[in-house]
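Student: Could we walk through this protein together, one question at a time?
Tutor: Gladly, and please keep the picture open while we talk.

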Amino acid sequence: MVKYSAPGKVFLFGEHAVVYGKRAIACAIDLRTTVEITSSRQGIRIQSAFKDEPDKNPYIRVALKKFQQCAAVDGINISVSSKIPVASGLGSSAAVTIATIAALNDEYQTNLSLDEIAAMGHQTELEVQGAASPTDTFVSTMGGTVIVPDKKKLPPITCGVVVGYTGISKSTSRMVSRVRTLKERYPEIIDGIMDCIGNMSTRGEELVAKNDYVSIGELMNVNQGLLDAIGVSIPELSLQVNAARSCGAYGAKITGAGGGGCMVALCEPDRCKEIATAIGKSCGDSFITKPTAEGVRKE
Ligand code: MEV
């Protein structure tokens with residue numbers, strides 16, 4: 001029996017723009033998905049607690065297919081449990097993909113490196129979603145704070161992190177394709193917005209190194225304005241973002257594809273509770289989370 005877990009994530013900057021090769025900064029959070037592999041006499045069986053997946057574990061199925069290029073897989077039971085809300089922008093798909101590949105790697109002694117696990121995870125997301133940046137799979141594998149496409153680790157985030165969850169599930173591929181359509185119709189406008197978001201991550205890298213959360217928050221607010229401009233915010237997310245800011249967060253924005261899902265606010269550590277309450281009162285749900293340095297790990 002082998003058991004691996006991998007973390008979810010929040011984006012400080014760069015969702016959507018990163019799909020076009022611009023920079024993004026993401027941070028792993030202490031919500032994890034766990035995958036356990038045991039031997040089975042009935043071929044390959046998958047038991048998943050993910051309730052919202054209409055398509056029967058697409059990420060696990062495709063990850064298995066990719067892994068079959070390294071070893072012949074048969075006679076296993078894969079069982080998944082998760083603390084990460086599904087289709088919420090917190091990286092649940094990447095976490096289940098990475099934990100599955102890492103568990104298979106151990107079970108079949110295939111000696112894949114962390115970089116190879118992250119790359120196979122990215123290929124899996126690409127195949128399932130049609131379009132995916134390496135952000136979610138890379139941060140889930142490595143943990144900590146990362147900048148992509150550089151694939152570099154940055155110093156840890158040490159301020160408070162509060163997540164607002166609208167309870168509205170969204171499809172990443174649908175949101176990515178909506179933004180792509182807008183970009184194709186108005187390239188002379190949307191390309192500039194993508195460049196601008198990428199520049200925020202470049203500036204953000206310096207600010208993370210200095211732990212300058214006031215400036216990071218200010219730029220997160222600008223990033224939110226641009227996410228709104230490309231049509232991925234919804235009224236529920238705006239309510240949560242405004243509630244967090246009114247309650248004194250350094251900054252607040254959508255995390256992930258938008259269209260539902262979650263927002264993230266950074267704040268002074270002792271303000272977390274107040275801000276979580278304000279977000280929860282505005283709409284949906286909220287919780288306090290912590291950045292984690294730990295990526296995929298054996299349980
Ligand atoms: C999804 O978590 C974030 C997007 O930028 C898509 C991606 O990076 O693959 C919208």
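Here is our conversation about the structure.

Student: What kind of model is this, and what pLDDT do local features need?
Tutor: This is a predicted model, in which side-chain atom pairs count only at pLDDT 80 or more, totals for chains, interfaces and linings use all residues, and local features need pLDDT of at least 70. Residues are numbered from 1 along each chain as its sequence is written, and side-chain values use heavy atoms, leaving out hydrogens and water.

Student: How far is the polar side-chain atom of Ser133 from an oxygen atom of the ligand?
Tutor: We can look at polar contacts, which are pairs of N or O atoms within 3.5 Å; within protein, one must be able to donate a hydrogen and the other to accept it, and residues adjacent in sequence count only if both atoms are side-chain atoms. Lys9 has a polar side-chain atom 3.4 Å from a ligand oxygen, and a polar backbone atom of His16 is 2.8 Å from a ligand oxygen. For the side chain of Ser133, the distance is 2.6 Å.

Student: How much of the ligand's area does the protein bury?
Tutor: Accessible areas come from the Shrake-Rupley method with a 1.4 Å probe; for residues, only the protein chains shown count as cover. Taken alone, the ligand exposes 300 Å², and the share of this buried by the protein is 97%.

Student: Is Lys9 buried or exposed?
Tutor: Lys9 sits in strand E1 (residues 2-13); helices (H or I, at least four residues) and strands (E, at least two) are DSSP runs, numbered from the N terminus. Buried means under 20% relative accessible area, exposed over 50%, and partly exposed in between (1.4 Å probe, protein chains only). With a relative accessible area of 2%, Lys9 is buried.

Student: Which side chain makes a polar contact with the side chain of Lys9?
Tutor: Within the protein, the Lys9 side chain reaches the backbone oxygen of Gly89 at 3.1 Å. Its side-chain partner, at 3.1 Å, is Asp136.

Student: How many disulfides does the structure hold?
Tutor: A disulfide is a covalent bond between the sulfur atoms of two cysteines, and here it is taken as a pair of cysteine sulfur atoms within 2.5 Å. Cys267 is in no disulfide, as the nearest cysteine sulfur, that of Cys272, is 3.7 Å away. Cys267 is buried, at 0% relative accessible area, while Cys196 is partly exposed at 34%. The number of disulfides is zero.

Student: Which residues does a cis peptide bond join?
Tutor: Pro149 is in the loop between strand E5 (145-148) and strand E6 (152-154). The cis bond there has an omega of about 5° and joins Val148 and Pro149.

Student: What is phi of Asn111?
Tutor: Asn111 lies in the loop between H2 and helix H3 (114-129), and is exposed with a relative accessible area of 68%. Asn111 is a residue other than glycine, yet its phi is positive, near 55°.

Student: What separates the C-alpha atoms of Met194 and Arg23?
Tutor: Met194 belongs to helix H6 (residues 187-209) and is buried, with a relative accessible area of 1%. Met194 and Arg23 are 171 residues apart along the chain, and their C-alpha atoms are separated by 9.5 Å.

Student: What is the separation between the C-alpha atoms of Lys281 and Ala243?
Tutor: Lys281 is in helix H9 (residues 272-282) and counts as exposed, at 73% relative accessibility. Along the chain, Lys281 and Ala243 are 38 residues apart, while their C-alpha atoms are separated by 8.4 Å.
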